[in-house]
Amino acid sequence: MTSPSNDNQGVKGGPCPICKEPAAAGYAPFCSKRCADVDLHRWLTGGYAIPAAEDDSDGVSDPDGEPPQDS
Ligand SMILES: [Zn+2]
């Protein structure tokens with residue numbers, strides 16, 4: 001097989017960023033698919049959390065025609 005890994009002693013790059021367990025080859029830099037999944041979810045939902053439940057003033061053109069007032 002053609003494996004690019006020249007050192008068969010764990011994976012370099014540090015431990016799993018999720019649970020700090022030694023990273024596993026194939027899931028680097030995570031230790032398992034589970035942690036990789038956790039990180040993915042964090043990335044999708046946590047890091048890029050959309051500020052929801054606050055659609056008050058979003059610069060939407062009102063059909064009523066309320067001009068932005070300057071105090
Ligand atoms: Zn882990």
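Cys 16 touches Glu 21, Ala 23, Pro 29, Phe 30, Cys 31 and Cys 35, when residues up to four places away in sequence are not counted; two residues are in contact if their C-beta atoms, placed from the backbone, lie within 7 Å. This is a predicted model, in which local features need pLDDT of at least 70 and side-chain atom pairs count only at pLDDT 80 or more, while totals for chains, interfaces and linings use all residues. Residues are numbered from 1 along each chain as its sequence is written.

- Of the 71 residues in the chain, 7% are buried, where buried means 20 or more other C-beta atoms within 10 Å of the residue's own, exposed means 12 or fewer, and partly exposed lies in between, with C-beta atoms placed from the backbone.
- In soluble globular proteins, nonpolar side chains tend to be buried together.

**Helix and contact range**
- The chain has 1 helix and 0 strands, these being DSSP runs numbered from the N terminus (helices H or I, at least four residues; strands E, at least two).
- Among contacts between residues at least 6 apart in sequence, 0% join residues at least 24 apart.
- Ala 36 lies in helix α1, residues 33-47, and counts as partly exposed because it has 18 C-beta neighbours inside 10 Å.
- Beyond its neighbours within four places in sequence, Ala 36 is in contact with Tyr 27 and Phe 30.

- Pro 29 is in the segment before α1, and the peptide bond from Ala 28 to Pro 29 is cis, with omega near 0 degrees.
- Lys 20, found in the segment before α1, has a positive phi near 65 degrees, and counts as exposed because it has 11 C-beta neighbours inside 10 Å.
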